[in-house]
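Take a walk through the model shown here.

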Amino acid sequence: MSLSLMLSMLITGIIFPWGTISQDTITITKVTIDNCVSGGMQVEELTKGTIAVSQLSNGDIIRGIRGADRVHGWCRVEAVYPRKGNEMFITYDGFTADHMVIDADAVHAYGKKGNATKSRLYTLATECDAAVNAAGQAFTPISTAFCPHELSWSEYLPLMAAIRRVTSRTGYFWYFSDAFFNNETARVPEWKNMLHDMCTELLRCARKGQCQKFEKVVKEFVHEHMNPKYRVIVDHMFPNIGGDVEKSETGTITELVRPQEKSNPLLFLAVGSAVAMVLIIIIAAALLVRRARVTRRAKTAKDLTQATILKLRPKTWRHEDVAAQHS
């Protein structure tokens, strides 16, 4: 399955368990969504040169872009694995038709264009906002299976940032193709049919801070469609998933997804240092002024004392003065 889908869902559903689903009371049906990249697609690796995606390993460094200005640089591979089975799928220039790529400011499905070949599919995710293949095409780890409509770069950035924050907390098990299943007893039997709603609510939460519906959708998705062995991990990491995020975000997915007003530690340090310096200068100036005043007072007191002593001291007559008065 595609990183796109998996990532999305998983990220959105990375989400967590709500109780245990008994394998005896539900019918589980596997579903496949083919939205990955070709294992034969070429990428440039920092030390290995130009190689196929199938030759990559976690920790390898490939080309990518990040940030509002789409700055190009090197990016660490966080997850790369083949789709289960040996089935071959049609890709176009290395992408399935619904895999989302970046052109200018648009994030959209690649479509059925270019060189069509059959190949084994791979999921690929990096630490950057998007990866870049050897042909210079920037691409995401998601597809239209998760977000059904075109996104602007400014919409895509907070969505991917939220996904990475979650994956960094829990690990990348949600990229595994066995993470979800169809459940005939669920409100929405097919898990893939919940993805579009999750994308919409994830965007609303990450961009506008409106997250309660997202919590609810994610809780349902995890409770009804996530493999129990992964749900246990997620439940441990997010014990309050689905909770009232307006009262407390602690232990919820919103805690990582909702934008936070965080102070910049470097800025805080710089401002703190400046304030400290100003205080030191003020204190030093005050001490100097006080010292100057004390010195002036001491000098004035000394001068007055000397003047008083001279005034009160009996006059000493010189011998010449006495002789002059009697002459």
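**Salt bridges and beyond**

The count comes to 13 salt bridges, where a salt bridge is a side-chain nitrogen of Lys or Arg within 4 Å of a carboxyl oxygen of Asp or Glu. The model is predicted: local features need pLDDT of at least 70, side-chain atom pairs count only at pLDDT 80 or more, and totals for chains, interfaces and linings use all residues. Residues are numbered from 1 along each chain as its sequence is written, and side-chain values use heavy atoms, with hydrogens and water left out.

Start with D60 and K48. Their side chains form a salt bridge, 2.9 Å from N to O. D60 sits in the loop between β4 (49–52) and β5 (61–66), and K48 in the loop between β3 (42–45) and β4, so the pair ties together parts that are twelve residues apart in sequence. Helices (H or I, at least four residues) and strands (E, at least two) are DSSP runs, numbered from the N terminus. D60 is buried, at 10% relative accessibility. K48 is partly exposed, at 41%. Here buried means under 20% relative accessible area, exposed means over 50%, and partly exposed lies in between (1.4 Å probe, protein chains only).

Next come D129 and R164. This salt bridge also has an N to O distance of 2.9 Å. It links distant parts of the chain, 35 residues apart: D129 is in the loop between β11 (121–126) and β12 (130–132), and R164 is in helix α2 (residues 153–170). D129 is buried, with a relative accessible area of 5%. R164 is partly exposed, at 22%.

A further bridge joins two helices. E201 pairs with K213, and the closest N and O atoms are 3.8 Å apart. E201 belongs to helix α3 (residues 195–208) and K213 to helix α4 (residues 212–225), so the pair ties together parts that are twelve residues apart in sequence. E201 is buried, at 2% relative accessibility. K213 is partly exposed, at 48%.

R76, E78 and E127 are linked in a network of salt bridges.

Now turn to a serine. S119 is in strand β10 (residues 116–119). Is S119 buried or exposed? At 9% relative accessibility, S119 counts as buried. The S119 side chain makes a polar contact with the side chain of T91, at 3.4 Å. A polar contact is a pair of N or O atoms within 3.5 Å; within protein, one must be able to donate a hydrogen and the other to accept it, and residues adjacent in sequence count only if both atoms are side-chain atoms. Leave aside the neighbours within four places in sequence, and S119 is in contact (heavy atoms within 4.5 Å) with S38, E87, M88, F89 and T91.

Then look for empty space. Rolling a probe the size of a water molecule over the atoms shows where empty space is left. How many cavities of 30 Å³ or more does a search of the whole structure find? It finds three. A cavity is a set of points, on a 1 Å grid over the protein atoms alone, where a 1.4 Å probe fits but cannot get out; lining residues have an atom within 4 Å of a point. Grid points are joined across faces, edges and corners, and a volume is the space filled by probe spheres set on the points.

The largest cavity has a volume of about 50 Å³. Its lining consists of L124, A125, T126, C128, D129, A130, A131, F139, T140 and P141. The lining residues divide into seven nonpolar, two polar and one charged. Ala, Val, Leu, Ile, Met, Phe, Trp, Tyr, Cys and Pro count as nonpolar, Asp, Glu, Lys and Arg as charged, and the others, Gly among them, as polar.

Two backbone angles deserve a look. R70 has a positive phi of about 50 degrees although it is not a glycine. R70 lies in the loop between β5 and β6 (71–82) and is partly exposed, at 27%. A104 is another residue other than glycine with a positive phi, near 55 degrees. A104 lies in the loop between β8 (99–103) and β9 (106–109) and is exposed, at 61%.

Finally, step back. The protein chain has eight helices and 15 strands. Buried residues make up 45% of its 327 residues. Of the contacts with a separation of 6 or more, 72% are between residues 24 or more positions apart.

Notes
On a 1 Å grid over the protein atoms alone, a cavity is a set of points where a 1.4 Å probe fits but cannot get out, and a pocket is an open set with protein on both sides within 12 Å along at least five of seven lines; lining residues have an atom within 4 Å of a point.
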